[in-house]
Amino acid sequence: MINNKKRSLLKSMALFSSAALISSCTEKTEVNPDLLDNKFPKVKLRMVTSFPRNLPGADIPAQMLAKRIKNMSQGKIDVTHYAAGELVPAFEVFDAVRENIADCAYTAPQYWISKHKAIPFFCCIPGGMTSKELFVWLNQGEGQKLWDELYGTFNLKGFPAGDTGTTMGGWFNKEIFNPDDFKGLKMRMPGLGAEVINRMGAISVNLSGGEVINSLKLGVLDAAEWAGPWPDMTMGFHKVAKYYYGPGIHEPSTICEFMLNKDLWDSFPLEYKEIIKNASHSNYIEVLSEYFYKNSKTLNILKNKHNIKIGHYSPEIIDKFFYYSNEIIEENIKNDLVYKKIY
């Protein structure tokens with residue numbers, strides 16, 4: 001039994017603990033009264049993507065992010081999602097956002113290498129950083145600052161909002177043994193990886209996700225890379241090619257970004273900026289974990305159920321990839337001070 005004296009002491013301790021907690025929160029957190037009083041205006045955003053509607057690992061994460069931002073803002077920030085081609089084509093979202101045709105986009109920075117050769121640093125570089133290392137650089141190092149400086153010249157703001165982890169090397173209509181097997185190969189590959197395979201004698205083709213499978217099926221392409229076993233099987237790569245190689249040395253990780261019009265971003269109150277930043281970061285972790293989990297399960301299905309021949313790039317192929325990747329980077333460093341600073 002607890003006597004009255006002990007009961008009184010426990011009650012006092014409980015009250016003190018609650019008061020201390022409230023005091024601690026009050027001291028450390030500045031709460032905007034406008035937010036509590038529900039005075040912030042509602043914002044409607046048009047979000048475009050570079051991916052076909054409902055594509056797992058690509059467009060679904062965009063929908064997840066839109067929902068996350070709306071929920072975290074208690075409905076104040078309402079994001080309407082448009083898949084590739086519904087408002088603008090897949091590879092026109094960069095210009096659409098900076099020119100205010102759309103407000104924001106979920107896409108991949110490596111698609112914009114033609115805008116500036118340094119942009120893929122914020123997505124993937126052959127032989128570069130892993131998903132964890134990239135996030136550390138962006139979040140704890142100077143990566144986000146450098147990204148802001150570069151994107152600011154295009155009237156854009158970008159955040160990491162998804163990641164595939166290390167991709168596979170690609171699907172092929174023939175076996176690949178050495179670097180010479182790339183000669184004359186028409187292969188879907190974007191970013192710096194495209195420049196690398198061109199120097200190996202291949203012909204890179206940059207197609208959106210919705211066009212790749214049919215191009216392989218019709219023989220327009222001899223090979224193609226996309227992401228990893230899980231999204232690749234979902235898209236049906238295993239039905240049009242039988243040779244699957246890895247690792248994806250061209251993409252040790254692939255960041256998907258949440259891109260916003262900078263003028264719009266600058267107009268947001270601090271609370272909205274924090275919501276968008278944290279929603280993007282949490283989306284990054286969730287997407288990455290889904291890739292790791294489902295890729296590992298799907299690789300076994302491709303091998304054991306669909307009889308896909310899964311191979312490992314030879315050391316000679318990997319060495320060639322690194323050689324040409326370094327060669328391209330060194331050339332860019334000499335010709336572009338912004339590129340050199342980011343590198």
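In this predicted model, a salt bridge joins the side chains of Glu 331 and Arg 199, with 2.8 Å from N to O. The two residues belong to distant parts of the chain. Glu 331 sits in helix 12 (residues 315–335), and Arg 199 sits in helix 7 (residues 191–199). They are 132 residues apart. Glu 331 has a relative accessible area of 33%, so it is partly exposed. Arg 199 is also partly exposed, at 32%.

The structure holds 18 salt bridges. Side chains of opposite charge can pair when their charged atoms come close. Glu 175 lies in the loop between strand 5 (170–172) and strand 6 (186–188). Lys 309 is part of strand 11 (residues 309–312). The pair therefore ties together parts that are 134 residues apart in sequence. Glu 175 has 26% relative accessibility and counts as partly exposed. For Lys 309 the value is 46%, which also counts as partly exposed.

A further salt bridge links Glu 86 with Arg 53, at 2.7 Å from N to O. Both residues lie in loops. Glu 86 is found between strand 2 (77–82) and helix 4 (93–98). Arg 53 is found between strand 1 (43–49) and helix 3. This pair ties together parts of the chain 33 residues apart in sequence. Glu 86 is partly exposed, with 38% relative accessibility. Arg 53 is partly exposed too, with a relative accessible area of 40%. Some salt bridges share partners, and these join Lys 44, Lys 70 and Asp 78 into one network.

Helix packing was examined next. Helix 3 (residues 59–72) and helix 11 (residues 270–304) have axes that come within 9 Å. The axes cross at roughly 140°. An angle over 145 degrees would count as roughly antiparallel. The two helices are therefore oblique to each other. Their crossing is right-handed. Helix 3 contributes Pro 61, Met 64, Leu 65, Arg 68, Ile 69 and Met 72 to the contact. Helix 11 contributes Ile 275, Asn 278, Ala 279, Ser 280, Ser 282, Asn 283, Glu 286 and Val 287. By class, the contact has 8 nonpolar, 4 polar and 2 charged residues.

Gly 246 and Pro 247 are joined by a cis peptide bond, with omega at about 0°. Pro 247 is placed in the loop between strand 9 (243–246) and strand 10 (255–261).

Asn 100 is not a glycine, yet it has a positive phi of about 70°. Asn 100 lies in the loop between helix 4 and strand 3 (104–107). At 44% relative accessibility, Asn 100 counts as partly exposed. Asn 307 likewise has a positive phi, near 55°, and is a residue other than glycine. Asn 307 is located in the loop between helix 11 and strand 11. The relative accessible area of Asn 307 is 60%, so this residue is exposed.

Definitions and conventions. Residues are numbered from 1 along each chain as its sequence is written. This is a predicted model: local features need pLDDT of at least 70, side-chain atom pairs count only at pLDDT 80 or more; totals for chains, interfaces and linings use all residues. Side-chain values use heavy atoms; hydrogens and water are left out. Axes are lines fitted to C-alpha atoms, for helices over the stretch in contact, and angles run from 0 to 180 degrees between N-to-C directions. Helices (H or I, at least four residues) and strands (E, at least two) are DSSP runs, numbered from the N terminus. Angles under 35 degrees count as roughly parallel, over 145 as roughly antiparallel, 65 to 115 as roughly perpendicular and the rest as oblique. A crossing is left-handed if the near helix is turned anticlockwise from the far one by less than a right angle, and right-handed if clockwise. Contact means heavy atoms within 4.5 Å. Ala, Val, Leu, Ile, Met, Phe, Trp, Tyr, Cys and Pro count as nonpolar, Asp, Glu, Lys and Arg as charged, and the others, Gly among them, as polar. A salt bridge is a side-chain nitrogen of Lys or Arg within 4 Å of a carboxyl oxygen of Asp or Glu. Buried means under 20% relative accessible area, exposed over 50%, partly exposed in between (1.4 Å probe, protein chains only).
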